[in-house]
Amino acid sequence: ASGNGGSQAIHLSSLSSSGGPQDIICPFGTSTSYNTGVFMFSSEFFVKGTPYTGAYFNFQSHYNVGVGWALEVFMQPNGNIVFSNNFNNNLLTGIFPLDSWFEIKIAVNINNNQWYVYIDDSLIGSFSNGINQLASLDLFPLNGNSFWVDNVCYSYDHISIYGCTDLTATNYNTNATWNDGSCTYCEYGCT
């Protein structure tokens, strides 16, 4: 499968009982963990239906890899997606499409410990996380996984500025880094 963005998708698969054999670590651009501000992540995934299926990635909580997992994402063979952390807390469960490309977005207001998860621009849920800091992305195929990853993107702003972040709203705030639900829109027609 080639990625939505072209032929540059990364294919990860494993039949090893311990997974891997290698992690792909993408640091979030700093030598320390993000523990304040606003963090946004998005990536496209393609997870095979059968015979080998499933996908996994995590956000490392510390700059030194393996110290902690702020978020673990398990895409299971039945189409369930489970978000947890290394405290083994099930933070959120949803569904994702097998055998087609889809986008995962994760928006985190670290200051307020608000984590929002979207699949194909639809909110599947939100949670507070007992491990509320991020340092890097870790792509790692578990035993039996076969998936593709494309268009990995993240952004970070150390300051949370609340306001309307929707470009189509009448009160769009170009400085806002976190949508506070205050957006207003034109109403057309007579009432």
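**The loop and the pocket**

Modeller: Asn-113 is buried, its relative accessible area being 19% (buried is under 20%, exposed over 50% and partly exposed in between, with a 1.4 Å probe and protein chains only). This is a predicted model in which local features need pLDDT of at least 70 and side-chain atom pairs pLDDT 80 or more, while totals for chains, interfaces and linings use all residues. Residues are numbered from 1 along each chain as its sequence is written, and side-chain values use heavy atoms, without hydrogens and water.

Asn-113 sits in the loop between S8 and S9 (strands are DSSP runs of E, at least two residues, numbered from the N terminus), and although Asn-113 is not a glycine, its phi is positive, at about 55 degrees. Asn-151, also a residue other than glycine, has a positive phi near 50 degrees; Asn-151 belongs to strand S12 and is partly exposed, with a relative accessible area of 37%. Most residues other than glycine have a negative phi.

Strands S8 (101-109), S9 (114-119) and S12 (146-157) are among those that each supply at least two residues of the lining of the largest pocket, as are S3 (38-47) and S14 (178-179). This pocket (an open set of 1 Å grid points where a 1.4 Å probe fits, with protein on both sides within 12 Å along at least five of seven lines, lined by residues with an atom within 4 Å of a point) holds about 480 Å³ of space. Its lining has 17 residues, and Met-40, Ala-107, Thr-165, Thr-177 and Trp-178 lie nearest the centre.

Conventions:
Points joined across faces, edges and corners; volume = space filled by probe spheres on them. Helix = DSSP H or I, 4+ residues; strand = E, 2+ residues; numbered from the N terminus.
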